[in-house]
Amino acid sequence: MICIAIANQKGGVGKTTTAINIATAMAATGWRTLLIDLDPQGNASTGIGIPASQRVLSSYDVLVDGASLAECTLPSAIPGLDLVPATVDLSGAEVELVGVENRTHRLRQAVAAHTAHDICFIDCPPSLGLLTLNALCAADTLLVPLQCEFFALEGLSQLLQTVEQVQQRFNPDLGIVGIALTMFDRRNRLTDQVADDVRECLGRLVFDAVIPRNVRLSEAPSHGLPALIYDHACPGSRAYMALARELIGRLPKERIAA
Ligand code: ADP
Ligand code: MG
């Protein structure tokens, strides 16, 4: 199984929206896809239609109790897309895991043992704490949503430093599959300028597909549906389909069958 962490320590940059819609696009393309919600807020779980009342076992149980991913997986209404949900318990996991041996590798162990899916996406919380660290240790590669705004590059350098530390200490094979520009607004000159700066700075690392600011993307979660199902033809959905195609082309070939 290929494992992709969707991370950026800033909140509100489009991590969860990207996780939900990329996962849906992959499932629609025939990949057996697992979405792991690693944010105590549980927005990814809600966004694909799994209310808190249905979340019995969750990513908390994987991290703290050593439950398997298979035990915690719930089917979604979308064919080919399953979910390991998050509950508020997860906010205590960082503290509960202090002093636990292997606390950075709890998720990695679970991912390594899991064979029921072809690909998994981890929706990370907005911090660089132990939860995100578990995701970076478990992942083959990282997808970074970046909102086109003034401080975007500053936050990014902090994230890239963390990735380097994780590569040195824990997961030498961790790659960065790409940076996805989100909430792009063509009419806003600052957005345009930031997008140009990011491309100049990071070149090929930035995906060609750009996610526009699109109200359909923000409406969909309140219906418990990915935008790709809620309105598959809206500009946001089309952009996520394009991003998924580009992502598939960039996946490490040697990991696809494994
Ligand atoms: P994060 O997971 O990084 O905190 P979210 O994906 O939850 O970010 O997005 C933050 C808010 O912005 C949510 O209300 C979401 O619906 C909205 N949003 C995300 N991407 C877009 C977009 N491209 N266009 C419009 N609204 C968006
Ligand atoms: Mg989120």
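Visitor: Which residues does I122 touch, not counting residues up to four places away in sequence?

Guide: Two residues touch, or are in contact, if their C-beta atoms, placed from the backbone, lie within 7 Å. By that rule I122 touches C3, A5, I6, I36, L38, A135, A138 and A139. Please keep in mind that this is a predicted model, in which local features need pLDDT of at least 70, side-chain atom pairs count only at pLDDT 80 or more, and totals for chains, interfaces and linings use all residues. Residues are numbered from 1 along each chain as its sequence is written, while chains are lettered from A and ligands numbered from 1 in the order in which they are written.

Visitor: Which residues touch the most other members of the largest nonpolar core?

Guide: A nonpolar core is a set of buried Ala, Val, Leu, Ile, Met, Phe, Trp, Tyr and Cys residues joined through C-beta atoms within 7 Å. Buried means that 20 or more other C-beta atoms, placed from the backbone, lie within 10 Å of the residue's own. Here the largest core has 77 residues, and I122 and A135 touch the most other members. Helix α1 gives this core its largest share, seven residues.

Visitor: How many residues of strand β5 are buried?

Guide: Strands (E, at least two residues) and helices (H or I, at least four) are DSSP runs, numbered from the N terminus. In β5, residues 119-123, five of the five residues are buried. I119, F121 and D123 point one way, and C120 and I122 the other.

Visitor: Which way does strand β1 run beside β5, parallel or antiparallel?

Guide: Strands pair if DSSP finds at least two bridges between them. β1 (residues 2-6) runs parallel to β5, with five bridges joining them, and I4 stands opposite F121. Strand β2 (residues 33-37) is also parallel to β5 and joined to it by five bridges; there, T33 has I119 as its bridge partner.

Visitor: How many residues of helix α7 are buried?

Guide: Eight of the nine residues in α7 (130-138) are buried, A135 and A138 among them.

Visitor: Which residues come nearest to ligand 1?

Guide: A residue counts as near if its C-beta atom, placed from the backbone, lies within 6 Å of the molecule. Of the 18 residues around ligand 1, G14, K15, T16, T17 and S218 come nearest. Helix α1 (15-28) and helix α10 (215-219) each supply at least two residues of this shell, and α1 gives the largest share, three residues.

Key:
A residue is buried if 20 or more other C-beta atoms lie within 10 Å of its own, exposed if 12 or fewer, and partly exposed in between; C-beta atoms are placed from the backbone.
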